[in-house]
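Here is a short report for a reader meeting this structure for the first time. Please keep the sequence and the 3D view open while reading.

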Amino acid sequence: MTAHDPSHRDRAAALDAADPLAGFRAAFVQSEDVTAYLDGNSLGRPTRASAERLAHFVPEMWGSRLIRGWDEEWYDLPLTLGDRIGAVALGAGAGQTFVGDSTTVVLYKLVRAALSSPRVAGRDEIVLDSGNFPTDRFVLEGAAREHGASLRWITPEPDGGVTPDQVSAVLGDRTALVVLSHVAYRSGYVSDAAEITRRAHEAGALVLWDLCHSVGALPVDLDGWGADLAAGCTYKYLNGGPGSPAFGYVRAGLQGELTQPVQGWMGSDAPFEMGPTYAPHAGVRRFLSGTPAIVGMLAMQDMLGLVEDAGIAAVRTKSVALTRFALELVDDLLVPLGVRVASPRDDDRRGSHVTVDHDAFAATLPLLWARGVIPDFRRPNGLRLGLSPLSTSFDEVRAGVEAVRDALVEVGPATGRVGEP
Ligand SMILES: *Cc1c(COP(=O)(O)O)cnc(C)c1O
């Protein structure tokens, strides 16, 4: 097929016309100079409702409620909002989810808490994989050093992710904790979380799921999986805005036996008693540390409302259709230029982004940005096409992949690499 085969345009138009969630796009702030935003898995677009909520917050909440805001709403917001994320997007019953610090810090606190659990006393291995996001690997390196534990590495296929059998192969009576991403940040591979959790429990280990690329894009069933702990970003598919705080989940039955390493007043049993010594709160509040980032918790509330209205099952259905269409375009337009697909082709094993590799992609990025086409570049040679189901249209995917093709053809002569397999 040629670069601008009209059949692609027709296919995109037909898919958009048949999309039951198409109306949700109007709920997002659009920017005129952006033709295709394909990075909603790194930073979701703002909703219009969030633009209003943030504008009103200063005069009506902060400005008029002042310190009373803490008693009226803010003190409980990390937990009430946590419950809402749990109900809408995590399959988590109330009292198990909190909104806390950055994902990195929440991960660290939960990892240290897990290692402190009496049920893994005497165990000194942490299972992780080389394909996980750097911060996850770095946090585990540091926590292992502090705890005198060692790391057991799994090496997943670059285009795939961690399988139950790979986990079984490293589990043993020394395993304290298994930490994996449900959806791999690079390939988009969806791991079988229920089965991996089951096998880890059979071996006596605890399991922590990183849900950064899952939450808001596909169904998660933490209670159903029997997961012990989880953490995830809110600025990706939950559109909380740059640096919005992460959530953490700790299974109710485990909370009482875990202590976390940053024992601040906001997680203590009676924060306003100003007592002489620390005692952890009885519930999930014990995983908080200091004064919560209320302003950072505003925007995600609007996206949660949209996900709730659409229903996470319908969000997933559109996500699969979007990534399938992206793969179809990639096969038609990019593979003939030597581009390689680095994401699963099986719909059930693919999250909401598609990664493609080519050595000339780094050189295409300035061209794409200048044309309002914004994918996510991952060194050394990967482009991630992140498709946020409620804000991305099929025609946006079409425009984006066509622009990538044009840019590759343009930089080809300079890099001498386009067209090579
Ligand atoms: C995006 C992402 C993070 C980001 O962590 P921050 O502390 O928010 O910077 C961590 N882990 C994974 C798997 C991610 O995809």
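## A salt bridge

Asp 357 pairs with Arg 186 in a salt bridge. Their closest N and O atoms are 3.1 Å apart. The model is predicted, and this distance is computed from its atoms.

## Two domains

The domain assignment divides the protein into two parts. Domain 1 covers 6-47 + 311-415. Domain 2 covers 75-306. Between the C-alpha centres of domain 1 and domain 2 lie 29 Å.

## Where the domains meet

How many residues of each domain are in contact? Domain 1 brings 35 residues, and domain 2 brings 28. About 2,500 Å² of area is buried between the two domains. Carbon and sulfur atoms give 55% of that area.

Three residues of domain 1 stand out: Ile 312, Arg 349 and His 353. Together they supply 23% of the area that domain 1 buries against domain 2, more than any other three residues. Two salt bridges are found across the interface of domain 1 and domain 2.

## A helix pair

Two packed helices are described by the angle between their axes and the distance between the axes. Helix H5 spans residues 103-115, and helix H6 spans residues 134-147. Their axes come within 10 Å and cross at roughly 35 degrees. The crossing of H5 and H6 is right-handed.

Which residues meet here? From H5 come Thr 104, Leu 107, Tyr 108, Val 111, Arg 112 and Leu 115. From H6 come Thr 135, Asp 136, Val 139, Leu 140, Ala 143, Glu 146 and His 147. By class, this contact has seven nonpolar, three polar and three charged residues.

How values were computed: Residues are numbered from 1 along each chain as its sequence is written. This is a predicted model: local features need pLDDT of at least 70, side-chain atom pairs count only at pLDDT 80 or more; totals for chains, interfaces and linings use all residues. Side-chain values use heavy atoms; hydrogens and water are left out. Axes are lines fitted to C-alpha atoms, for helices over the stretch in contact, and angles run from 0 to 180 degrees between N-to-C directions. Helices (H or I, at least four residues) and strands (E, at least two) are DSSP runs, numbered from the N terminus. A crossing is left-handed if the near helix is turned anticlockwise from the far one by less than a right angle, and right-handed if clockwise. Contact means heavy atoms within 4.5 Å. Ala, Val, Leu, Ile, Met, Phe, Trp, Tyr, Cys and Pro count as nonpolar, Asp, Glu, Lys and Arg as charged, and the others, Gly among them, as polar. Domain bounds come from an automatic or database domain assignment. Buried area is the accessible area (1.4 Å probe) that two parts lose on being put together, summed over both. A salt bridge is a side-chain nitrogen of Lys or Arg within 4 Å of a carboxyl oxygen of Asp or Glu.
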